[in-house]
Amino acid sequence: MRSSLLGAMRAVFVRELLLFWRRRTEVANVLVFFVIVTTLFPLAVGPERLELAHIAPGVLWVAALLATTLSLTQLFIIDYTEGSLDQLLLSPYPLTALVFAKLAAHWVLTGLPLALLSPLLAVQMALPDKAMPTLVLSLLLGTPVLTLIGAIPAALTLGVRGGGVLVSLLVLPLYTPVLIFGAEAVAAAAGQEFAATAHLSLLAAFLVLALAFAPLACASALRVSLD
Amino acid sequence: MPEAMFSVRALSCARGDRVLFGGVSFELHAGEALHIRGPNGHGKTTLLRALCGLGRPLRGDIRWRGERVRDLGDEFYAVLAYLGHLNGLRDELTAAENVWTYARIHGGADCDGKTVRAALARVGLAAAAGRPARHMSQGQKRRLALACLLVVDRPLWLLDEPFTALDVASVGALVSLIEEHLHGGGVALIVSHQAFDLPGIRAFDLEHFVRVKR
Amino acid sequence: MCIGFEGVARLIKFLHKYGAPKRFYATSGRFLPWFAAITVILFVSGLYLGLYWAPPDYQQGDAYRIMFVHVPNAWMSMMAYVALAAFAAAGYIWNIRLADMLAKATAPLGASFTLCALVTGSLWGKPMWGTWWVWDARLTSELVLFFLYVGYMALQASIEDPRRAAHASAIIAIVGVINVPIIHYSVYWWHTLHQPASITLTKQPTIYLTMLIPLIVMSFAFMFFYLTMLLVRVRNEILVREKDAEWVRNLVEKDA
């Protein structure tokens, strides 16, 4: 039974990758959004390098957060309208595990590329080189939390009018701790006021918490939405 | 009289705060099928969703082999196959990929290419295995959704309007698939507003249980 | 363990019995005038004590008196969110419709407390900091709490089916209440990092008894105000949700 549970989780994961690959332009759109939003800031506040470096951690983190939120609205919606979500709920395996596999795939396709792309944009924002590893690491730890928490409102708003805006409304207040510690970690690494390890440890703690509770909450949310 | 495989007693369901129907009771023994009939809006789909555990009924008792399905939990899902009025397919995946992922997610761990091809052949889609679902007609998609039921061996079939979009020949083919399922000791609940010819099937008119004042 | 389960089962049975909307409507109708009267008495005496009886502060003069409104509102905003989550959780887990309605009725009240705390905080900030808004830890975390309330109400309002609306918003309330302490401490930490040694609203090392008494009276006034308004709102909600029931129809006909 256990090996077939893993088989089912793998099937969900592979299915998501396959689906994303067949609709790869949409995945790319999230990354393009990330790039464009960060590009808007130098245009708005001016190209002064010191000023840009000062706001860079916050800008990069807010942009990553908005890009993730944007991608979340698409997380369940097609499966919902096509009825595949009904079938997922009727699996003999624990829904929490299958939801976890789906969210893992979502992170691999959005959070991971965002984190890997961020140094490029950080150069654009004049972030000191020494802060780069911390930037990538903070996003690697923080973006899965964004995906995990964000999946709950995404599941709750299925079939609801104005669902997309509602997801942002519900999820952004919940993102504040991750934003605070993520951006602060990068700022600390850039300024060397503090070591960034404390912030990164807290992000890791958030990740552990989210891993423990979010898939369960998301599974309950799906059951409510399909009732 | 042996114990019923699937029994429902005094079931009532609501949509929002409005009670749709109440007092629905029936029993199915191995090899039996029930044709649930009734006009639109009387809650046929709600009934089926409540039976498979997607919806929460207001009151009532649903049992599989004498055990409450609520106590069985996920184990109950290991005995049922549900064909919704939505096909549950993804347009971007090929026919074979759709069937394969369905099988894996629903516990068909030993499902391989051969099983998938056999299932597709039984619904007449042998030649379409590599075709994306988006390039299929509505009828073909319906048959593909049925092929998913065939790769997992489930004794309880819950079918919501299975004949939608099917041509005459496909309706006949599906009826004989259901017959075969019943001969193997399975049971089936079929929601359909369409008449079809299946020997020994009982009719169940939901109209008599409707609680909505109109 | 068995006794525990039995106890819980008995509690649920009790809740189902006394939580039946019809019964609750009748019982709460008897309590309501008393709650309203207590609220009025507490408000009148609290305001008298706060505005006349308590002496002016030696530093802030009379400006500090807004505290008697600000602090109870801030307390109530958090208490109401915990109450909201508790009601919502009870409604979701045990399928008690009255608890769903209590949660739904609490949300706008809690949001109002939060908004009042924000507005009075900003009014208080003007004489203290010389500006209407400062990213003070308390105000910031109050602002995030306000967003949580808004999200809850928006979700509740956008789902038509009342049962699904109740359950969906219950999940978001539970997720929210787990997050509230995390948000709170994150904001505090962030604040100390960016504004060391700034004046905060609570920098009162010792609060005089003459100030504490009006504050406590006002806190109880706001608490009874919440309970009174909760009963009024939940009674309305019961009538709306049970509009097809016979007892509601009899009630309306009797009044007409």
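Two strands pair if DSSP finds at least two bridges between them, and strands, like helices, are DSSP runs numbered from the N terminus (E, at least two residues, for strands; H or I, at least four, for helices). The model is predicted, so that local features need pLDDT of at least 70 and side-chain atom pairs count only at pLDDT 80 or more, while totals for chains, interfaces and linings use all residues. Residues are numbered from 1 along each chain as its sequence is written, with chains lettered from A and ligands numbered from 1 in the order in which they are written.

**View 1. An open sheet in chain B has four strands in the order S2-S1-S4-S5, with antiparallel pairing.** Strand S2 (18-28) and strand S5 (67-68) of chain B each have a single partner strand, so one side of each is left without a neighbour in the sheet. Strand S4 (residues 59-64) of chain B joins S5(B) over two bridges in the antiparallel sense, and B:Glu67 in S5(B) is the bridge partner of B:Trp64.

**View 2. Helix H6 (residues 95-109) and helix H11 (residues 197-226) of chain A cross at roughly 105°, their axes coming within 8 Å.** Axes are lines fitted to C-alpha atoms, for helices over the stretch in contact, and angles run from 0 to 180 degrees between N-to-C directions. H6(A) and H11(A) are therefore roughly perpendicular to each other (angles under 35 degrees count as roughly parallel, over 145 as roughly antiparallel, 65 to 115 as roughly perpendicular and the rest as oblique).

**View 3. H6(A) also packs with helix H8 (residues 132-156) of chain A, at about 135° and with the axes 10 Å apart.** The two helices, H6(A) and H8(A), are therefore oblique to each other.
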